[in-house]
Amino acid sequence: MKDSSSALSCKGLACGYGTAPVLQDVDLEFAPGTTTAIIGPNGSGKSTLLKTLSGELKPFHGSVFLGSRSLLDLSILDTAQRIAVVPQSEQIAYRFTAGEIVLMGRLPMSPGIRDTSEDRDAAEKAMRFTDSWELRDRPINELSGGERQRVLVARALAQDTPVILLDEPTTHLDITHQLDLVRLVKELQNLGKTVVAAMHDLNLVGAMAQRTALLWGGQVSLQGLTEQILTSSELDEAYGVAFRRVLDGGKTLVLPPIN
């Protein structure tokens, strides 16, 4: 039985597609009120790991736990009441409005099929939080990439789960909304939420996450406090880049080399 002090964890996890594992021997724990960044070069398994943690992919071996309970023992509804996911991309075929999309995040929490006043209040709060309220009446498939991303984040917030998984959440966002996302994640931490985010931008990782796990070579090659990971030479080896480090306001900025 897993210790429930971790909101989300995995032990001895092997996951992938078909019969080919992408990751093996993954042991990670995510505590309440913390943000953990999952980093690594393209193809290292960041999205695969998040899909397995959410229950979308069944692991080859090992276990995922929500508190002390195995994810495999929970129903789809139970899981949706505990984990919200912001995917890297999502195809939406119908002309749902942005407001309708966000309200869909309330389905696991709602007692019936009709939206309640509580559902509508949660959706509005989430959309205002993500600067997407003005988009509420526009069809989702007519929005820009950045606008869609803000709506998908709002849907996850409206779901109001203790765990939120973000897969490349700053994709398509301009710098203003990237910084808004960093502030939002910090507010979620203050509310006791557990946030796990697959990220490409290492400097946003430094601004947002207390802990970081580096995926490389089919496993978690390094995990710990974010500052320790960003200053490790193993980061350079994984990305094949001799990064420059600059200390700015007590935080390490990771920059590409100058030729």
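Which residues lie nearest the centre of the second largest pocket? They are K125, L157, D160, L191 and K193, among the 15 residues that line this pocket. This is a predicted model, in which local features need pLDDT of at least 70, side-chain atom pairs count only at pLDDT 80 or more, and totals for chains, interfaces and linings use all residues. Residues are numbered from 1 along each chain as its sequence is written, and side-chain values use heavy atoms, with hydrogens and water left out.

**How the spaces are found**

- Rolling a probe the size of a water molecule over the atoms shows where empty space is left.
- On a 1 Å grid over the protein atoms alone, a cavity is a set of points where a 1.4 Å probe fits but cannot get out. A pocket is an open set with protein on both sides within 12 Å along at least five of seven lines, and lining residues have an atom within 4 Å of a point.
- Grid points are joined across faces, edges and corners, and a volume is the space filled by probe spheres set on the points.
- Helices (H or I, at least four residues) and strands (E, at least two) are DSSP runs, numbered from the N terminus.
- For the linings, Ala, Val, Leu, Ile, Met, Phe, Trp, Tyr, Cys and Pro count as nonpolar, Asp, Glu, Lys and Arg as charged, and the others, Gly among them, as polar.

- The largest pocket holds about 610 Å³ of space. Of its 28 lining residues, S54, T79, A80, I83 and V85 lie nearest the centre.
- Two or more lining residues of that pocket come from each of helix 1 (46-54), strand 4 (61-66), helix 2 (76-80), strand 6 (83-86) and helix 5. By class, its lining has 14 nonpolar, 10 polar and 4 charged residues.
- The second largest pocket holds about 300 Å³. Helix 4 (117-129), helix 5 and helix 6 each supply at least two residues of its lining, and helix 4 has the largest share, with 4 residues.
- In the lining of the second largest pocket there are 9 nonpolar, 1 polar and 5 charged residues.

**The enclosed cavity**

- Counting cavities of 30 Å³ or more gives 1, and the largest cavity holds about 30 Å³ of space.
- Its lining consists of V86, V153, A156, L157, I164, L166, L181, L184, V185 and L188. Helix 5 (145-159), strand 7 (163-167) and helix 6 (175-190) are the elements that give two or more residues to this lining.
- Helix 6 gives the most, with 4 residues. The lining has 10 nonpolar residues, with no polar and no charged ones.

- Buried means under 20% relative accessible area, exposed over 50%, and partly exposed in between (1.4 Å probe, protein chains only).
- Helix 5 is mostly covered, with 13 of its 15 residues buried. From first C-alpha to last it reaches 21 Å, close to the 21 Å expected at 1.5 Å a residue; the expected span is 1.5 Å times one less than the number of residues.
- D25 is found in strand 2 (residues 20-30) and counts as exposed, at 61% relative accessibility.

- Strand 11 (residues 244-248) pairs with strand 12 in the antiparallel sense over 5 bridges; two strands pair if DSSP finds at least two bridges between them.
- R245 has V254 of strand 12 as its bridge partner. With 2 residues between the strands, the hairpin has G249 at a positive phi near 60°.
- In a regular strand the side chains alternate between the two faces of the sheet. Strand 12 (residues 251-255) has T252 and V254 on a covered face, and K251, L253 and L255 on an uncovered one.

**Cysteines**

- A disulfide is a pair of cysteine sulfur atoms within 2.5 Å, and the count here is 0.
- C10 is buried at 4% relative accessible area, and C15 is buried at 1%.
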